[in-house]
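Visitor: I would like to learn how to read a structure of this kind, one feature at a time. Where do we start?

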Amino acid sequence: MTPALKLLKGKPHRTLEYAHDPRAPAYGEEAAQALGLEPARVFKTLVCQLEGSSARQPLVVAVVPVTGTLNLKALARAAGARKAALAAHDAAERATGYVVGGISPLGQKKRLPLWVDDSAVTLEEIFISGGRRGLEIGLSPALLCQLANGQFAPLARED
């Protein structure tokens with residue numbers, strides 16, 4: 001049981017598993033296809049580094065649909081920083097306790113500030129990584145933000 005699933009114990013959610021293909025180029029798209037999910041409801045977790053922020057924590061998490069790309073300027077604006085960039089894989093793994101491709105926005109080793117793309121607000125259920133490759137969690141966007149002290153903001157641009 002992953003830390004994300006432990007955090008969800010007793011809360012409304014569902015888990016879905018699939019056989020992860022290590023050759024898959026994009027984890028979120030792989031999950032959507034393998035599980036037959038609408039890609040706009042599958043969200044990827046991206047750990048980012050902030051610069052010029054008044055926040056004490058330079059690492060933050062952005063959750064955006066796999067159908068889009070994270071707009072780093074929008075994340076920086078939402079976080080009150082001058083600039084945002086994707087964090088190095090090793091920094092993301094150290095801070096969260098998860099491996100890249102399986103980073104969940106829930107149950108992280110070090111709780112990082114969280115922003116969720118506002119497209120999630122209109123959905124009853126979204127799917128996020130469950131804390132390992134091949135494990136997805138379906139839950140309401142409101143529950144995600146409640147458990148992770150997250151905020152909604154316009155973060156994604158369509159690919």
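Guide: We start with one pair of residues. The model is predicted, and in it Val116 has Phe152, in β9, as its bridge partner.

Visitor: In which sense do β6 and β9 pair, and over how many bridges?

Guide: In general, the strands of a sheet pair through backbone hydrogen bonds, in a parallel or an antiparallel sense. Here β6, residues 114–117, and β9 are parallel, with three bridges between them.

Visitor: What is the order of the strands in the open sheet?

Guide: The order is β5-β2-β3-β6-β9, five strands with mixed pairing. At the edges are β5 (83–86) and β9 (151–153), each of which pairs on one side only. From one strand to the next the twist averages 35 degrees.

Visitor: Which helix packs on the sheet, and which strands does it touch?

Guide: Helix α3, residues 72–79, packs there and touches β2 (43–51), β3 (59–65), β5, β6 and β9. The direction of α3 makes about 125 degrees with that of β5.

Visitor: Now a single side chain. Is Glu125 buried or exposed?

Guide: The test is relative accessible area, and buried means under 20%. Glu125 is buried because its value is 18%. Glu125 is found in the loop between β6 and β7 (126–129).

Visitor: Pro141 leads on to α5. Why is α5 described as largely enclosed?

Guide: In α5 (residues 141–148) six of the eight are buried, so the helix is largely enclosed by the rest of the structure. The buried ones are Pro141, Leu143, Leu144, Cys145, Leu147 and Ala148, and they pack against α1 (3–8), β6, β7, β8 (135–139) and β9. Just after α5, Asn149 has a positive phi of about 55 degrees.

Visitor: Last, the pocket. What is the volume of the largest pocket, and how many residues line it?

Guide: The volume is about 490 Å³, and the lining has 23 residues. Those nearest the centre are Tyr27, Thr45, Leu46, Val100 and Gly101.

Visitor: Which elements give two or more residues to that lining?

Guide: They are α2 (27–35), β2 and α4 (89–96). β2 gives the most, with five residues.

Terms used:
Residues numbered from 1 in each chain as written. Predicted model: local features only at pLDDT ≥ 70, side-chain atom pairs only at ≥ 80, totals over all residues. Heavy atoms only, no water. Pairing = 2+ DSSP bridges. Helix = DSSP H or I, 4+ residues; strand = E, 2+ residues; numbered from the N terminus. Axes fitted to C-alpha atoms, helices over the stretch in contact; angles between N-to-C directions. Contact = heavy atoms within 4.5 Å. Buried < 20%, exposed > 50% of the residue type's maximum accessible area, 1.4 Å probe, protein only. 1 Å grid on protein atoms, 1.4 Å probe; cavity = no way out; pocket = protein on both sides within 12 Å on 5 of 7 lines; lining within 4 Å. Points joined across faces, edges and corners; volume = space filled by probe spheres on them.
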